[in-house]
Amino acid sequence: QSVVEEMEYSMRLSSLSLLLLVFLVVTNSNGEDPYRFYTWNVTYGDIYPLGVKQQGILINGQFPGPQIEAVTNDNLIISVFNSLDQPFLFSWNGVEQRRNSWQDGVYGTNCPIPPGKNFTYVLQVKDQIGSYFYFPSLEFHKAAGGYGGIKINSRPMIPIPFPPPSNDFTILAGDWYSRNHTDLKAVLDNGSDLPFPDGLVINGHGSNAFTFNVDQGKTYRFRISNVGLTTSINFRIQGHKMKLVEVEGIHTLQNTYDSLDIHLGQSYSVLVTTDQPPQDYYIVVSSRFTSQVLTATSILHYSNSAKTVSGPPPGGLTVQIDWSLDQARSLRRNLTASGPRPNPQGSYHYGLINTTRTIRLQNSAPIINGKQRYAVNSVSFINADTPLKLADYFNIQGVFSLGSISDSPTGGGGYLQTSVMAADFRGYVEIVFENPEDTVQSWHIDGHHFFVVGMDGGQWSASSRSNYNLGDTISRCTVQVYPKSWSAVYMPLDNVGMWNVRSENWARQYLGQQFYLRVYSPANSWRDEYPIPSNALRCGRAIGH
């Protein structure tokens, strides 16, 4: 049979279980929330992001992949057929998977989809709005593409704090390597770090290969995500101001910026009014905090344009850390705007809640067994032979141990461990990310959002709390930590499950700068966590359970 015939046959076989899954979704949402179907075939294909032919990962023949467009509380039923020659998973950066870490799509929660097989994700964008992206989470597949945008709109009855834009554009930007992902993975497996990237791409293209068409005198929304592997970027549009309106699901104070620093894994929404003379303008992304500055451009094309772009694109910031820190501190929550629900965002008084625990996480770059690794509190994560969520659910002994990573830096040398930290449901934790290294870090926590209460240079101490913003900071799911600096967040542990805490620098994540946070409720109730899905794949020691 051809691959297409096999896919169609498999889809027919799964139709009954898919109907059951739809029934469960509708039942769980009390019949009130709509559902959207997606069918994706994941293949290899030739791509030319930097003008050089290489093997990419395509979804339905596309790179980047199809955009997911949803409304708050929609149920997404995404059937994925893996036509690669390797096991595969998708994860959903920023989608919180309420009560449902079963759908998170990382190896700690899901068995990979075997080659030639399919798996149907059933997830809900519960109580969320905003801009996010999905990506391949296993091996080093992310370096081959396979990513796409996620847009979650507000429900029609919920007001948004700005007039509807004339159009809504997604920009997926980041660094890129001309070498295939298998070659890059081999570099890391052999104990080395990645070389410097070969360039930057915007929506899968190098410079001037992508055009955004606009009309003069209108306002447009741009959703920008840094989907790169190793590099922070600066985003700007020649001759135009940007009004920030949303950061990873939170409506912000509408400050105006000439450019925005966007760190690995982060997403922003801006409004741009096309109030300039009718011509073409550069849209620019450039690398930040790198010795060599990489740049990529797209075109903002006025429909009545009388002139194409000419000359070099406008220059941007390069290594200025203080400027970036000041901009990060300027991001504030719009306290009066509604979020996914009609109540004002300021009605949750995050700064008045007593924290139940402080967790300090320090990154490091140890050499272990003669190879470069990365670690959190001295532990360099290694995958177990069985997804941690399955091992936990089936009570399979010997896969992981709670407490296998400390709450604070140990000061010791690095070592390999499948690290899982225990946490109690409904706790409220202070997490301090401490970065003693001379590179920018970017940290992401699956299944949660957190309030960025402080960041500064030097060593964090208890006295640092006196400068926390306890009134109107933003909440998000990915935060940067500047060199030899710290960032502090408050996070409600309001989502039971097994959740990945990771570096968004994909080489560091791959080589161990991650762990899992097990948020536990003793109630064993659907109110706290959904049961294991009927179609959950089994692998490792979970086979037969």
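Guide: Happy to! Let's begin with D424, which sits in strand β28, residues 419-424. Please keep in mind that this is a predicted model. D424 has a relative accessibility of 56%, and because exposed means over 50%, D424 counts as exposed. Setting aside the neighbours within four places in sequence, D424 is in contact with L493, V519 and Y520. For a sense of scale, take Y107: D424 and Y107 are separated by 317 residues in sequence, while their C-alpha atoms are 22 Å apart in space.

Stepping back to the record, an unreviewed UniProt entry lists "domain: Plastocyanin-like" for residues 41-155, 168-305 and 385-522. In the model, the span 385-522 is 43% strand and 8% helix, with its end C-alpha atoms 26 Å apart. The span 168-305 is 50% strand and 7% helix, and there the end C-alpha atoms are 20 Å apart.

In α3, residues 181-189, the buried residues are H181, L184, V187 and L188. These cover an arc of only 115 degrees around the axis, so they lie on the same side of α3. As a general point, an α-helix has 3.6 residues a turn, so residues three or four places apart point the same way. The partners of the buried α3 residues are β1 (35-47), β2 (54-59) and α6 (506-510), against which they pack. Just after α3 comes G191, with a positive phi of about 95 degrees.

Helix α4, residues 321-329, has S324, L325, Q327 and A328 as its buried residues. Looking down the axis of α4, you find them within an arc of 160 degrees, so they line one face of the helix. Those buried residues pack against a set of strands: β16 (256-257), β17 (259-262), β19 (280-288), β31 (450-457) and β33 (478-481).

By class, the lining of the largest pocket has 17 polar, 15 charged and 12 nonpolar residues.

Methods
Residues numbered from 1 in each chain as written. Predicted model: local features only at pLDDT ≥ 70, side-chain atom pairs only at ≥ 80, totals over all residues. Heavy atoms only, no water. Buried < 20%, exposed > 50% of the residue type's maximum accessible area, 1.4 Å probe, protein only. Helix = DSSP H or I, 4+ residues; strand = E, 2+ residues; numbered from the N terminus. Arc of directions from axis to C-beta. Contact = heavy atoms within 4.5 Å. UniProt positions renumbered as here; feature names shortened; annotations may be inferred. Nonpolar A, V, L, I, M, F, W, Y, C, P; charged D, E, K, R; others polar.
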